Amino acid sequence: MRLNNKVALITGAGSGIGRETAVLFAQEGAAVMVVDVNEAAGNETVALVKANGGQAAFYKADVSKAADCEGMVAAAEQTFGKLNVMFNNAGISHKDDDDAINTTEDVWDLTFNINVKGVFLGCKYGIPAMRRAGGGSIINTASFVALLGAATPQLAYTASKGAVLSMSRELAVIHAREGIRVNAMCPGPLFTELLMKYLNTEEKKQRRLVHIPMGRFGQAKEIAYGALYLASDESSFVTGTEFMVDGGITAAYVTPV
Ligand code: NAD
């Protein structure tokens, strides 16, 4: 098994990418601390992991709050003895996120508090735990929009993912000699709740699909497999990357029709 004897903490594990990753990591031998602000959803993920014969526990946390992030890391260490892998994956895409003229300060602040400060706080408390464990792997969820601009505006979200990408790169450099690797996972457009809530008409879906060389949305599971590689020792020389799992969207200028 690829994550034997490892302890992984996953934020936003109540849905989408986080849930699929929790199930996959546990299948590969990791003990998983499932973290989400939504208690019912998080507990459902734990039940799914256990139904597959895996090991998991739930901790309720809002990643935009320092005390919650300190608590989730402590819970992982207390429950499973250490922390080897941290997947800072929780994020939101607000329905009122728009262009510079129409995005309110409240939407901007909420998006940055969860998507950027949440990753910072995860690292703030996760890195000392990884030092205690003798090293580890941090995966921070950015997005393809950290690299490409879209005419369908989500300014706060896009800027927040750019911040996650640059923060991950610098953390990778700072901690490289302590055996702590940091990579930014950059998913392309996925068929999950988060994006489908936003692309809520067939026309909007087609407008996005036209840019994806593979001609389809990705599945959360396909991101989970990328995260598995970054979490495992197979990626021992991989740090500071923008790890694209995006159906080719960032490589495309004109796509086949
Ligand atoms: P999702 O909405 O299915 O799941 C997100 C989870 O995060 C939910 O369970 C939610 O309860 C939790 N969450 C939200 N705010 C939280 C908070 N403050 N504290 C703790 N948990 C919180 O979304 P998803 O599609 O699985 O997205 C996961 C990550 O991937 C996000 O960071 C998202 O920005 C990123 N991403 C998604 C796509 C896509 O197309 N779906 C593309 C690129 C990047």
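Tutor: This is a predicted model.

Student: Which residues of H5 are buried?
Tutor: Ala156, Tyr157, Ser160, Lys161, Val164, Leu165, Met167, Ser168, Leu171, Ala172 and His175.

Student: How far apart are the end C-alpha atoms of H5, and what should the helix span?
Tutor: The end C-alpha atoms are 30 Å apart. H5 has 21 residues, 155–175, so at 1.5 Å a residue it should span 30 Å, which agrees.

Student: Pockets now. How much space lies in the largest pocket?
Tutor: About 950 Å³. Its lining has 41 residues, and Ala90, Gly91, Ile92, Ser93 and Leu194 lie nearest the centre.

Student: Which element supplies the largest share of that lining?
Tutor: H6, with 5 residues. Helix H1 (16–27), strand S2 (31–36), H4, H5 and H6 each supply at least two.

Student: And how do the lining residues of the largest pocket divide into nonpolar, polar and charged?
Tutor: There are 20 nonpolar, 15 polar and 6 charged residues.

Student: What volume does the second largest pocket have?
Tutor: About 330 Å³.

Student: Which residues lie nearest the centre of the second largest pocket?
Tutor: Leu148, Gly149, Ala150, His211 and Ile249, out of 17 lining residues. By class, the lining of the second largest pocket has 10 nonpolar, 4 polar and 3 charged residues.

Key: Residues are numbered from 1 along each chain as its sequence is written. This is a predicted model: local features need pLDDT of at least 70, side-chain atom pairs count only at pLDDT 80 or more; totals for chains, interfaces and linings use all residues. Side-chain values use heavy atoms; hydrogens and water are left out. Helices (H or I, at least four residues) and strands (E, at least two) are DSSP runs, numbered from the N terminus. The expected span of a helix is 1.5 Å times one less than its number of residues. Buried means under 20% relative accessible area, exposed over 50%, partly exposed in between (1.4 Å probe, protein chains only). On a 1 Å grid over the protein atoms alone, a cavity is a set of points where a 1.4 Å probe fits but cannot get out, and a pocket is an open set with protein on both sides within 12 Å along at least five of seven lines; lining residues have an atom within 4 Å of a point. Grid points are joined across faces, edges and corners, and a volume is the space filled by probe spheres set on the points. Ala, Val, Leu, Ile, Met, Phe, Trp, Tyr, Cys and Pro count as nonpolar, Asp, Glu, Lys and Arg as charged, and the others, Gly among them, as polar.
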